[in-house]
Amino acid sequence: MAESKEPKRGRFLGVFRDIVYGMSSHEMTRHAVRTRASMEHLFILITMGDLLGIPILPPYYSLRLLPYVTPQITSWKRRMLRERDITDILG
Amino acid sequence: MSLRAVFEGRPDRRYVMFGGKGGLGKTTLSATSAFWLASHGKRVLLFSVDPQASLSDIFQRDIFGKGPVSIMPNLWAQEVDADQRIREYQDEIRKKIIDMYGFEQVPEEIDNYIAAASAEPAMEESAIFDAVVDIIVQGDYDYYIYDLVPLGHALYYLSMAKVYDEWINKITKLREDMRQYDQVAATMRRQETVEEDKILEELQYIKTRINASSQILTDKRRTAFFFVLVPEDMIILDTRKAAELFARFDVPISGYVVNRVLPPELDRASIPAYLRSRISMQQRHLEGIRTEFGDQVLAYVPEMERDVTGLPMIERLAERLFGNGR
């Protein structure tokens with residue numbers, strides 16, 4: 001009996017912790033992750049600007065960084081080249 | 001003071017450079033100094049950072065893109081093949097992408113970017129700049145003699161190091177900020193660790209390479225930078241301007257070498273008026289050089305009767321420049 005009580009308690013605590021996290025920190029975490037993603041895109045722009053035809057610096061050393069950002073290139077280009085309107089500013 | 005006294009008195013200045021406008025004899029003086037040092041038992045690497053290198057011509061051997069080639073005991077010469085280096089570098093990047101993500105081949109868009117990079121302006125210079133770092137970091141020579149590119153390019157190298165350095169500092173800072181956001185998110189999610197940021201490591205690696213190169217160029221203790229000039233009005237003016245610019249980049253100038261001096265004894269012989277006029281013009285400019293640069297002039301190198309190519313001719317010039325004594 002004691003054995004089955006423990007996991008139940010553990011599960012309850014876990015759910016409680018998640019609820020508290022959801023109420024208090026989730027929004028902040030989301031903000032941190034989103035800011036981090038924006039900075040990632042800014043970083044790719046500074047290093048790989050040539051991919052969009054914006055030559056920022058000679059690409060010799062940028063190429064060294066290319067393997068690490070390869071998976072993000074498509075989403076970055078989509079974001080950079082997306083049309084923007086007034087709702088972007090309001091949002 | 002003489003060029004010989006500089007080498008003998010300051011053996012810690014292992015990085016030797018001759019700078020100046022194109023066609024004044026930088027390669028000749030580099031090769032002659034390398035020859036003299038090597039024949040005095042020093043292990044010397046003479047290498048060219050000029051895309052239109054002429055070490056092959058002066059040693060009368062094809063050494064282009066072949067790594068350090070032995071020219072004589074203790075003397076090696078190297079001409080960097082920038083195109084080959086760029087191709088190898090591009091393949092290295094492609095391989096890394098394939099290995100990291102298990103792709104069968106590099107995505108087309110990425111591959112196009114890598115391929116197009118070789119056509120970028122300054123890619124060649126950057127590749128040579130990077131090759132020089134390899135040469136300096138890996139070798140175990142007593143002396144490294146740079147056969148420099150003409151003035152404008154040399155300044156470009158220096159400014160490139162500065163620009164790169166600032167660029168790297170900025171993006172390293174951005175990367176560090178990003179890492180802080182990672183840590184905040186990880187802490188809030190009660191995750192124990194954040195993945196290592198490979199990009200940050202890579203940036204730090206690039207920074208050490210750029211610093212290695214630019215620190216040597218500006219290190220008074222280890223570097224000797226000589227200006228080559230000839231006794232002509234325009235060259236003197238340009239040298240003066242270049243010296244100011246180099247000083248602005250903190251390049252320590254160790255002295256000046258005046259090349260192509262017509263033997264003054266010619267003046268006593270019966271020579272055509274044209275030649276007499278050239279000699280008197282040179283004498284006038286030499287006076288100016290003596291007044292302006294004084295004892296910073298380390299050598300007056302005579303105009304030789306034929307091209308300085310091949311070891312016997314280099315040896316003759318070395319005797320004139322450094323004297324016979326060992």
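In this predicted model, the side chains of R85(B) and D130(B) come together in a salt bridge, with 3.2 Å from N to O. The two partners belong to distant parts of the chain: R85(B) sits in helix α4 (residues 82-101) of chain B and D130(B) in helix α6 (residues 123-138) of chain B, 45 residues apart. D130(B) counts as buried because its relative accessibility is 6%, under the 20% limit for that class.

Helix α4 of chain B takes part in another such link. D111(B) forms a salt bridge with R94(B), and here the closest N and O atoms are 2.5 Å apart. Since D111(B) lies in helix α5 (residues 108-117) of chain B and R94(B) in helix α4 of chain B, the pair ties together parts that are 17 residues apart in sequence. The surroundings of the two residues can be described in terms of accessibility. D111(B), at 25% relative accessibility, counts as partly exposed, whereas R94(B), at 19%, counts as buried.

D238(B) pairs with K241(B), their closest N and O atoms being 3.9 Å apart. These residues are three positions apart in helix α9 (residues 233-248) of chain B, so about one helical turn separates them. D238(B) is partly exposed, with a relative accessible area of 23%, and K241(B) is exposed, with a value of 53%. Over all chains, a search of the whole structure finds 29 salt bridges.

R36(A), E40(A), R175(B), D182(B) and D197(B) are linked by salt bridges, which brings the description to the place where the two chains meet. Between chain A and chain B, the count is four salt bridges. K77(A) and E109(B) form a salt bridge too, with 2.6 Å between the closest N and O atoms. The count of residue pairs in polar contact between chain A and chain B is 11.

Which helices of chain A supply at least two residues each to the side that touches chain B? They are α1 (2-24), α2 (26-48), α3 (60-69) and α4 (73-81). The largest share, 13 residues, comes from α2(A). Sorted by class, this side of chain A has 23 nonpolar, seven polar and six charged residues.

The contact as a whole draws 36 residues from chain A and 44 residues from chain B. Together the two chains bury about 4100 Å² between them, and 74% of this area is on carbon and sulfur atoms. Three tyrosines deserve a mention here: Y60(A), Y61(A) and Y68(A) supply 22% of the area that chain A buries against chain B, more than any other three residues.

Chain A itself is built from five helices and zero strands, and from the N terminus on its elements run α-α-α-α-α. Of its 91 residues, 35% count as buried. Among the contacts in chain A with a separation of 6 or more, 54% are between residues 24 or more positions apart. The accessible surface of chain A comes to about 6100 Å², with 62% of it belonging to carbon and sulfur atoms.

M23(A) and E40(A) are 17 residues apart in sequence, and their C-alpha atoms are 27 Å apart in space. M23(A) has a relative accessibility of 70% and therefore counts as exposed.

Finally, the backbone of chain B holds two residues to look at. Most residues other than glycine have a negative phi. Q60(B), although not a glycine, has a positive phi of about 55°. The residue lies in the loop between α3 (55-59) and β3 (69-72) of chain B. Is Q60(B) buried or exposed? With a relative accessible area of 54%, Q60(B) is exposed. R260(B), likewise a residue other than glycine, has a positive phi near 60°. Its place is in strand β7 (residues 253-261) of chain B, and at 34% relative accessibility R260(B) counts as partly exposed.

How values were computed
Residues are numbered from 1 along each chain as its sequence is written. Chains are lettered from A and ligands numbered from 1 in the order in which they are written. This is a predicted model: local features need pLDDT of at least 70, side-chain atom pairs count only at pLDDT 80 or more; totals for chains, interfaces and linings use all residues. Side-chain values use heavy atoms; hydrogens and water are left out. Contact means heavy atoms within 4.5 Å. Buried area is the accessible area (1.4 Å probe) that two parts lose on being put together, summed over both. A polar contact is a pair of N or O atoms within 3.5 Å; within protein, one must be able to donate a hydrogen and the other to accept it, and residues adjacent in sequence count only if both atoms are side-chain atoms. Helices (H or I, at least four residues) and strands (E, at least two) are DSSP runs, numbered from the N terminus. Ala, Val, Leu, Ile, Met, Phe, Trp, Tyr, Cys and Pro count as nonpolar, Asp, Glu, Lys and Arg as charged, and the others, Gly among them, as polar. Buried means under 20% relative accessible area, exposed over 50%, partly exposed in between (1.4 Å probe, protein chains only). Accessible areas come from the Shrake-Rupley method with a 1.4 Å probe; for residues, only the protein chains shown count as cover.
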